[in-house]
Amino acid sequence: MDGIKYAVFTAKSIRLLGNNQYTSNVESGSTGTEIKHWIELFFGVKVIAMNSHRLPGKARRMGPIMGHTMHYRRMIITLQPGYSIPPLIEKRT
């Protein structure tokens, strides 16, 4: 489960829970098949679809130096009807 960072709880992700779709941020280098294998193995569910998109890093300033955070990848995982996973731990900021 090293590839999955944390679950995402936004208005859209909560709305998608009704369609048995779960949203989480994952490592940028991990592939969809790796994530699918991890989800099915760890939670004992059947994944039928996965969608992902890469989100850009945010600009950050520390004094006169302008920098940015690393980009990250977000996956929307659709499970077969009848399966569900418990909520993942939310990232605290």
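This is a predicted model: local features need pLDDT of at least 70, side-chain atom pairs count only at pLDDT 80 or more; totals for chains, interfaces and linings use all residues.

Author: Let's start with threonine 78.

Reader: Where is threonine 78 found?
Author: Threonine 78 lies in strand 6.

Reader: Buried or exposed?
Author: Threonine 78 is buried, because its relative accessible area is 11% and buried means under 20%.

Reader: What about strand 6 as a whole?
Author: Six of its eight residues are buried, so strand 6 is largely enclosed by the rest of the structure.

Reader: Which strands form the sheet, and in what order?
Author: Four strands form an open sheet, ordered 1-2-6-3, with antiparallel pairing. Strand 1 (4–7) and strand 3 are the edge strands, and each pairs on one side only. On average, neighbouring strands are turned by 30° against each other, direction ignored.

Reader: What packs on the sheet?
Author: Helix 2 does. Helix 2 touches strand 1, strand 2, strand 3 and strand 6, and its direction makes about 130° with that of strand 3.

Reader: Back to strand 6. How many bridges with strand 2?
Author: Six, in the antiparallel sense. Within strand 6, arginine 73 stands opposite valine 26, and arginine 74 is the bridge partner of asparagine 25.

Reader: And how many with strand 3?
Author: Eight bridges link strand 6 and strand 3 (residues 47–55), again antiparallel. Isoleucine 77 in strand 6 is the bridge partner of methionine 50.

Reader: New topic. Which residues make up the largest nonpolar core?
Author: There are twelve: Ile4, Tyr22, Val26, Ile35, Ile39, Phe43, Val45, Val47, Met75, Ile77, Leu79 and Ile85.

Reader: What does tyrosine 22 touch?
Author: Leaving out residues up to four places away in sequence, tyrosine 22 touches Leu17, Met75, Ile76, Ile77, Leu79, Ser84 and Ile85.

Reader: Why does asparagine 20 count as buried?
Author: Because its relative accessibility is 14%, and the cut-off for buried is under 20%.

Reader: Which residues is asparagine 20 in contact with?
Author: Beyond its neighbours within four places in sequence, asparagine 20 is in contact with Ile77, Thr78, Leu79, Gln80, Pro81, Gly82, Tyr83 and Ser84.

Methods. Residues are numbered from 1 along each chain as its sequence is written. Side-chain values use heavy atoms; hydrogens and water are left out. A nonpolar core is a set of buried Ala, Val, Leu, Ile, Met, Phe, Trp, Tyr and Cys residues joined through side-chain atoms within 4.5 Å. Buried means under 20% relative accessible area, exposed over 50%, partly exposed in between (1.4 Å probe, protein chains only). Contact means heavy atoms within 4.5 Å. Helices (H or I, at least four residues) and strands (E, at least two) are DSSP runs, numbered from the N terminus. Two strands pair if DSSP finds at least two bridges between them. Axes are lines fitted to C-alpha atoms, for helices over the stretch in contact, and angles run from 0 to 180 degrees between N-to-C directions.
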